[in-house]
Amino acid sequence: MLLQAFPATSGKLKGLPRGIIHAASDLEMRPLWLRSSSRSKASVYSNRNLLAVPVGIKQKHNVDAMVQKFLPENFTIILFHYDGNVDGWWNLNWSSKAVHIVAQNQTKWWFAKRFLHPDIVSIYDYIFLWDEDLGVEHFSPSRYVKIVKEEGLEISQPALDPNSTEIHHRITIRARTKKVHRRVYERRGSTRCSDASEGPPCTGFVEGMAPVFSRSAWYCTWHLIQNDLVHGWGMDMKLGYCAQGDRTKNVGVVDSEYVVHKGIQTLGGSGRGKTKQRQGGAAIDMRTEIRRQSTWEFEIFKERWNQAIAEDKNWVDPFKSDQRRLRRRRGTQRFS
């Protein structure tokens, strides 16, 4: 399945014959020359998947271990270099097989919005958009893909080893006796998760550090990513709207293929001291500034979401029971 080019661009292509227009592309490298016997095979793709990771040279060893797992499993690798250091990766034997994109001090979501356009990644069955600090000793990409296909998961993530350094949501913790889980049961503080729960963080939820998207789910998610809000805080709470149906069924955490979240923060400095000088000479902690920016962007995202709902009179929230009843009633009236 190839996604069609946006209709809005069709008017700009009047100078071209229709048959020359190719609506989609990909991230596959092309050789400068091919033997004639190989040319027919060059455009054949099947069961291809994509791993995209924001990387800094300090996490080179961990990223190397990750790529060594994915590359033999028919994955295309794209590295987003947020520290500007590409030369330090060339001594890895797989580096020339990866796509390298450089932009200083940009986040995973900034890169994804600009370089993982749905038309560009439409040949890939699944898009893994992972952080660089994940341990993959207990993870098999091929087994993972097989499980999400069998379970019909449009959006998923590997479970986190309970011994991970950083765990933010209980639903992401590995259940040792399960292959997949889609909800968590919890009664702690203000959180009340039960069989009656219909949304995050109890069900229909994965976290932003290791999401995996089907082609269709990514088409929706790419549009959800805000071009000017780079941190993505709070967006994971809305990913269920891209689940291509019931988020309590189509979103899940895979327990049998799990990872270790090491919780190493590198973008913006180590957080162990003052890493940048103001013009006036006073030092500031970049991690504090990043957290402040993230919090501000989260509020902006919530305001935009609410405004979009208010302005779109035809939109019906698929996860609000009263609106679902209204939609069914409208459908009945339309066909009566």
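How much space lies in the largest cavity? About 80 Å³. Before you select it, two notes on reading the tour. Residues are numbered from 1 along each chain as its sequence is written. This is a predicted model, in which local features need pLDDT of at least 70 and side-chain atom pairs count only at pLDDT 80 or more, while totals for chains, interfaces and linings use all residues; side-chain values use heavy atoms, with hydrogens and water left out.

**Stop 1: the cavity**

Select Ile225, Gln226, Leu229, Gly232, Trp233, Met235, Glu297, Phe298 and Phe301, which line the largest cavity. By class, six of these lining residues are nonpolar, two polar and one charged. (Ala, Val, Leu, Ile, Met, Phe, Trp, Tyr, Cys and Pro count as nonpolar, Asp, Glu, Lys and Arg as charged, and the others, Gly among them, as polar.) The search uses a 1 Å grid over the protein atoms alone: a cavity is a set of points where a 1.4 Å probe fits but cannot get out, a pocket is an open set with protein on both sides within 12 Å along at least five of seven lines, and lining residues have an atom within 4 Å of a point. Grid points are joined across faces, edges and corners, and a volume is the space filled by probe spheres set on the points. By this rule there is one cavity of 30 Å³ or more.

**Stop 2: the largest pocket**

Now select Asp131, His231, Trp233, Gln265 and Arg287. Of the 34 residues lining the largest pocket, these lie nearest its centre. The volume of this pocket is about 990 Å³. Its lining divides into twelve nonpolar, 13 polar and nine charged residues. H7 gives the largest share, with five residues. Element names follow DSSP runs, numbered from the N terminus: helices are H or I with at least four residues, strands are E with at least two.

**Stop 3: strand S11**

Select residues 251-261. Is strand S11 enclosed or open? Nine of its eleven residues are buried, so S11 is largely enclosed by the rest of the structure. (Buried means under 20% relative accessible area, exposed over 50%, and partly exposed in between, with a 1.4 Å probe and protein chains only.)

- Strand S6 (residues 155-160) pairs with S11 in the parallel sense over six bridges, and Gln157 stands opposite Val253.
- Strand S5 (residues 134-135) runs antiparallel to S11 and is joined to it by two bridges; here Gly135 faces Val260 as its opposite.
- Strand S7 (residues 180-181) is also antiparallel to S11, with two bridges, and Val253 is the bridge partner of His181.

**Stop 4: the nonpolar cores**

Select Ile78, Leu116, Leu129 and Trp218, which have the most contacts inside the largest nonpolar core, a group of 37 residues. Strands S1 (49-55), S2 (75-81), S3 (99-102) and S4 (126-129), along with H3, helix H5 (215-224) and H7, each give two or more residues to this core. A second, separate core has 32 residues, including Val55, Phe70, Tyr126 and Ile147. A nonpolar core here is a set of buried Ala, Val, Leu, Ile, Met, Phe, Trp, Tyr and Cys residues joined through side-chain atoms within 4.5 Å.

Zoom in on Ile78, which lies in S2 and is buried at a relative accessible area of 0%. Ala52 is 26 residues away from Ile78 in sequence, yet their C-alpha atoms are 4.8 Å apart. Beyond residues up to four places away in sequence, Ile78 touches Leu27, Leu50, Leu51, Ala52, Val53, Val99, Ile101 and Leu116 (contact means heavy atoms within 4.5 Å). Then move to Trp218: leaving aside neighbours within four places in sequence, its contacts are Ala112, Leu116, Val121, Ile127, Leu129, Phe213 and Ile225.

**Stop 5: backbone details**

Finish in the loops. Select Pro200 and Pro201: the peptide bond between them is cis, with omega near 0°. Pro201 sits in the loop between strand S9 (191-193) and strand S10 (212-214).

Asn74, in the loop between helix H2 (60-70) and S2, has a positive phi of about 65° although it is not a glycine. Asn74 is partly exposed, at 31% relative accessibility. Asn105, in the loop between S3 and H3, has a positive phi near 55° and is exposed, with a relative accessible area of 53%.

Definitions and conventions:
Two strands pair if DSSP finds at least two bridges between them.
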